[in-house]
Every structure is written in C-alpha cells, then in structure tokens.
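Here is a short report on one protein chain.

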Amino acid sequence: MAQKLIVEGKDALALTNILMKRKLNPPKGYSNPKKFQNSFVKNAGGINKVEAALIEALENTNNTNIGIIVDADDKGAVARFNALKKVIEERLKVEIAEPITEAGFVHKEENFCI
C-alpha cells in the first residue's frame, strides 16, 4: 500500500518543513523526511508534466491515495482542476460530479481516494 502526492515543482522540501513546523504527523509510513521527500512526494517537474505523473500514479496499483498540488497561475483553479479531472475520468473510467471548492476536491473510488 502506497500513497503519492504529486507536486508541480520542487515543493517536497517546503512541504516537509511545513509539516514539521506545524507539528503535523507525516503520512503513515513516511515519517522519515528523506522517504517523505523521495517516495511520498513526486516532483512532476512543471505543470506540463503533472498529467503524466498523475497517469503513472493511477496506473500503479499499489497507490491507495493520490494527492495533487498545482498552482492556479494564469489559467485559474477551475481550468487546472478540469484538466486533471479529465485525466482521472479517462483512466478510471468514471464520471466525476463533485465540484472543486475552496477546500479542494476529494473523489473516492473503491480502490482510490483522489
């Protein structure tokens, strides 16, 4: 069982520091900061590569939870959400009805929680 957090850029170190500063527990199985940075967080290497990283994560049957953090930039949050939603729907053969909110987006499938 694995979890994956896909980030647009080099955010693994920042996320590690935020967790430690806020005294939040890291995800189960990723308490080692190096393991968190190298195994839990996937640096996609830019917005153009986030979709490929998401496809890779969805195809890995060991992943039970997948999270994604991207910047809205000039495209806006809804446009970014819709692009990633399309990838999820195509790969999982599902229709996602849940909208994106200020709190983000959660979609649960039998074998996935995205």
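## V41 and its surroundings

V41 is in contact with L5, V7, A12, L15 and F36, leaving aside its neighbours within four places in sequence. The model is a predicted one. V41 belongs to strand β2, which covers residues 41–43. Is V41 buried or exposed? V41 is buried because its relative accessible area is 5%, and the cut-off for buried is under 20%.

I96 lies 55 residues from V41 along the chain. The C-alpha atoms of V41 and I96 are separated by 24 Å.

## The largest pocket

How much space lies in the largest pocket? The volume is about 320 Å³. The lining has 16 residues, and those closest to the pocket centre are I68, V70, F81, L84 and I100. By class, the lining residues are 12 nonpolar, 1 polar and 3 charged.

Two elements, β3 (63–69) and α4 (77–92), each supply at least two residues of this lining. The largest share comes from α4, with 6 residues.

## Nonpolar cores

The largest nonpolar core holds 14 residues. Which members touch the most others? They are I6, L54, L58, I66 and I88. The elements giving two or more residues to this core are α3 (50–59) and α4. Of these, α3 provides the largest share, 5 residues.

In soluble globular proteins, nonpolar side chains tend to be buried together.

## V50 in α3

V50 lies in helix α3. V50 counts as buried because its relative accessible area is 1%, against a cut-off of under 20%. Not counting residues up to four places away in sequence, V50 touches I6, E8, A44, I68, V70 and L84.

These contacts link back to earlier sections. I68, V70 and L84 are among the residues closest to the centre of the largest pocket. I6 is one of the residues that touch the most other members of the largest core. N25, by contrast, is 25 residues from V50 in sequence and 26 Å away in space, C-alpha to C-alpha.

Is E59 buried or exposed? The relative accessible area of E59 is 51%, so E59 is exposed; the cut-off is over 50%.

What does the side chain of E59 contact? The side chain of E59 makes a polar contact with the side chain of R91, at 2.9 Å. E59 and R91 are 32 residues apart in sequence. Their C-alpha atoms are 8.1 Å apart in space.

## Q3 in β1

Q3 sits in strand β1, residues 2–7. The side chain of Q3 reaches the backbone oxygen of K28 at 3.5 Å. Not counting residues up to four places away in sequence, Q3 touches P27, K28, Y30, S39, F40, N63, T64 and N65.

## Positive phi and exposed sites

K23 is not a glycine, yet its phi is positive, about 60°. K23 is in the loop between α1 (12–21) and α2 (33–40). K23 counts as exposed because its relative accessibility is 73%.

K93 also has a positive phi, near 55°, in a residue other than glycine. Where is K93 found? K93 is in the segment after α4. The relative accessible area of K93 is 73%, so K93 is exposed.

S31 lies in the loop between α1 and α2. S31 is exposed, since its relative accessible area is 63%. S31 and T16 are 15 residues apart in sequence. In space they are 10.0 Å apart, C-alpha to C-alpha.

Terms used. Residues numbered from 1 in each chain as written. Predicted model: local features only at pLDDT ≥ 70, side-chain atom pairs only at ≥ 80, totals over all residues. Heavy atoms only, no water. 1 Å grid on protein atoms, 1.4 Å probe; cavity = no way out; pocket = protein on both sides within 12 Å on 5 of 7 lines; lining within 4 Å. Points joined across faces, edges and corners; volume = space filled by probe spheres on them. Helix = DSSP H or I, 4+ residues; strand = E, 2+ residues; numbered from the N terminus. Nonpolar A, V, L, I, M, F, W, Y, C, P; charged D, E, K, R; others polar. Core = buried A, V, L, I, M, F, W, Y, C linked by side-chain atoms within 4.5 Å. Buried < 20%, exposed > 50% of the residue type's maximum accessible area, 1.4 Å probe, protein only. Polar contact = N/O pair within 3.5 Å; in protein donor to acceptor, adjacent residues only side chain to side chain. Contact = heavy atoms within 4.5 Å.
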